[in-house]
Amino acid sequence: AFQTKKGQGQFIGSQAPYGYVLQENYFVIDEPAAEVVRRIFSMKMQGKSFHEIAKILNQENIPSPSRYAGEHGAKKYRNCAHILWQPQAVSRILYNRTYVGDLVQGKYNRSIYSKEKQGKKKEESWEVVENSHPAIVDRDVFEQIQKIRERNRKARRDKQGEPGYSNILEGILVCGICQHVMRRNKDVRKGKVQYYFYCGSA
């Protein structure tokens, strides 16, 4: 039954991404948040960094996705009023195919009974239904952002090297406040490598 619903473009989950609300398992545009999403893409196209975009949104007191969800009745985010926009939240929006109308599910394997490795799956294993719901941004704009991403990734790899050891906690470690998946990042400064985790909903 789940697979049938997924094939029909229905979302199998409880919380729609920022910019959308759920109506009978389908994504419907939430215009106030969608306008922020469009603005984030516009600022990125103007050459602003994730940090600069997050700073502008915070200076204007625009609620972060977690705070916004809590203010609109999502119980798991009710204690997130203090969470500000973070560069990671900006990047997740810019790289999320949901905003061009594609439904992407099955990114993670969390089953302890599956033979497949737990954590994030390879992109070719994701379950994607294109044009399943209204788009918030044009596909051409989204593709341009992805090209910028690839150039930045190459520059980062040239500077910092490969990601390093695998993240054995991927898809397992969750935030103590909102129970969202914690993500890992690598930072190299003055030749010293550091790894840190941050909340996926921040």
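This is a predicted model: local features need pLDDT of at least 70, side-chain atom pairs count only at pLDDT 80 or more; totals for chains, interfaces and linings use all residues.

Reader: How many helices and strands does the protein have, and in what order do the elements run?

Author: The protein has six helices and eight strands. Starting at the N terminus, the order is α-β-β-α-α-α-α-β-β-β-β-α-β-β.

Reader: What share of the residues counts as buried?

Author: The protein has 202 residues, and 40% of them count as buried. The exposed surface comes to about 12400 Å², with 50% of it supplied by carbon and sulfur atoms. As for contacts between residues at least 6 apart in sequence, 55% join residues at least 24 apart.

Reader: How do I describe two packed helices?

Author: Two packed helices are described by the angle between their axes and the distance between the axes. Here, take helix α3 (residues 50-59) and helix α5 (residues 87-94): their axes come within 8 Å and cross at roughly 110 degrees.

Reader: What does that make the two helices, roughly parallel or roughly perpendicular?

Author: Angles of 65 to 115 degrees count as roughly perpendicular, and α3 and α5 are therefore roughly perpendicular to each other.

Reader: Which residues make the contact?

Author: On α3 they are Phe50, His51, Ile53 and Ala54, and on α5 they are Pro87, Val90, Ser91 and Leu94. Sorted by type, the residues of this contact are six nonpolar, two polar and no charged.

Reader: Is α5 mostly covered or mostly exposed?

Author: α5 is mostly covered, with seven of its eight residues buried. These are Pro87, Gln88, Ala89, Val90, Ser91, Ile93 and Leu94.

Reader: And which residues of α3 are buried?

Author: In α3, the buried residues include Ile53, Ala54, Ile56 and Leu57. These four span an arc of only 160 degrees around the axis, which puts them on the same side of α3.

Reader: What is on the other side of α3?

Author: His51, Lys55 and Gln59 are there, and they are exposed.

Reader: Which helices do the buried residues of α3 pack against?

Author: They pack against α2 (31-45) and α5.

Reader: Which residue takes a positive phi just after α3?

Author: That residue is Asn61, with a phi of about 60 degrees.

Note on methods. Residues are numbered from 1 along each chain as its sequence is written. Side-chain values use heavy atoms; hydrogens and water are left out. Buried means under 20% relative accessible area, exposed over 50%, partly exposed in between (1.4 Å probe, protein chains only). Contact means heavy atoms within 4.5 Å. Accessible areas come from the Shrake-Rupley method with a 1.4 Å probe; for residues, only the protein chains shown count as cover. Axes are lines fitted to C-alpha atoms, for helices over the stretch in contact, and angles run from 0 to 180 degrees between N-to-C directions. Angles under 35 degrees count as roughly parallel, over 145 as roughly antiparallel, 65 to 115 as roughly perpendicular and the rest as oblique. Ala, Val, Leu, Ile, Met, Phe, Trp, Tyr, Cys and Pro count as nonpolar, Asp, Glu, Lys and Arg as charged, and the others, Gly among them, as polar. The arc is that of the directions from the helix axis to the C-beta atoms.
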